[in-house]
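The following note sets out numbered comments on the model, intended to be read alongside the sequence and coordinates.

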Amino acid sequence: MERNFDSAAESATGGNCLESPPANFTGQAATILRFSTRILLSICARSVRGSDTILTWMDRSRQRGALDRLSDHMLKDIGVSRADVDLETRKPFWHD
């Protein structure tokens, strides 16, 4: 029995968007559900990548700030000059 998309959309697959359409989804409803699932997964993947990028930028900025706050004595201990620190801390957060 083919169901229309509106009533088919109300049927949940147990909350797992990775499952195939239920057996009672046929034809166009199943195609639309599969296509919608792919779009949703694509959006989720992009969102995760974007979040990872923002977290990387924040971490990079924090690390550069911490490096800038080290004393000359501490920098000497780790083998880094103040000029190296100045060069690193002037970089924009999005540059590695």
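1. Of the 96 residues in the protein chain, 10% count as buried, where buried means under 20% relative accessible area, exposed over 50%, and partly exposed in between (1.4 Å probe, protein chains only). This is a predicted model, in which local features need pLDDT of at least 70 and side-chain atom pairs count only at pLDDT 80 or more, while totals for chains, interfaces and linings use all residues. Residues are numbered from 1 along each chain as its sequence is written, and side-chain values use heavy atoms, with hydrogens and water left out.

2. The protein chain has four helices and zero strands, in the order α-α-α-α along the sequence. Helices (H or I, at least four residues) and strands (E, at least two) are DSSP runs, numbered from the N terminus.

3. The chain has a mean pLDDT of 78, with 73% of its residues at 70 or more; pLDDT is the predictor's confidence in each residue, from 0 to 100. Helix 3 (residues 72–78) has the highest mean, 95, and helix 1 (residues 5–10) the lowest, 41. Over residues 1–17 pLDDT stays under 50, and the model has 19 contacts beyond four places in sequence for this stretch. A contact means heavy atoms within 4.5 Å.

4. The accessible surface of the protein chain is about 7400 Å², and carbon and sulfur atoms contribute 58% of that. Accessible areas come from the Shrake-Rupley method with a 1.4 Å probe; for residues, only the protein chains shown count as cover. Among contacts with a separation of 6 or more, 42% join residues 24 or more positions apart.

5. Does the length of helix 2 agree or disagree with its number of residues? Its 43 residues should span 63 Å at 1.5 Å a residue, and the end C-alpha atoms lie 64 Å apart, which agrees. The expected span is 1.5 Å times one less than the number of residues. Buried residues of helix 2 are Ala-29, Ala-30, Thr-37, Arg-60 and Arg-64.

6. Arg-60 belongs to helix 2 (residues 27–69) and counts as buried because its relative accessible area is 16%. Beyond its neighbours within four places in sequence, Arg-60 contacts Phe-93, Trp-94, His-95 and Asp-96. A polar atom of the Arg-60 side chain lies 3.3 Å from the backbone oxygen of Trp-94.

7. Ser-61, also found in helix 2, is partly exposed because its relative accessibility is 42%. Ser-61 and Trp-94 are separated by 33 residues in sequence and by 8.8 Å, C-alpha to C-alpha, in space.

Key. Polar contact = N/O pair within 3.5 Å; in protein donor to acceptor, adjacent residues only side chain to side chain.
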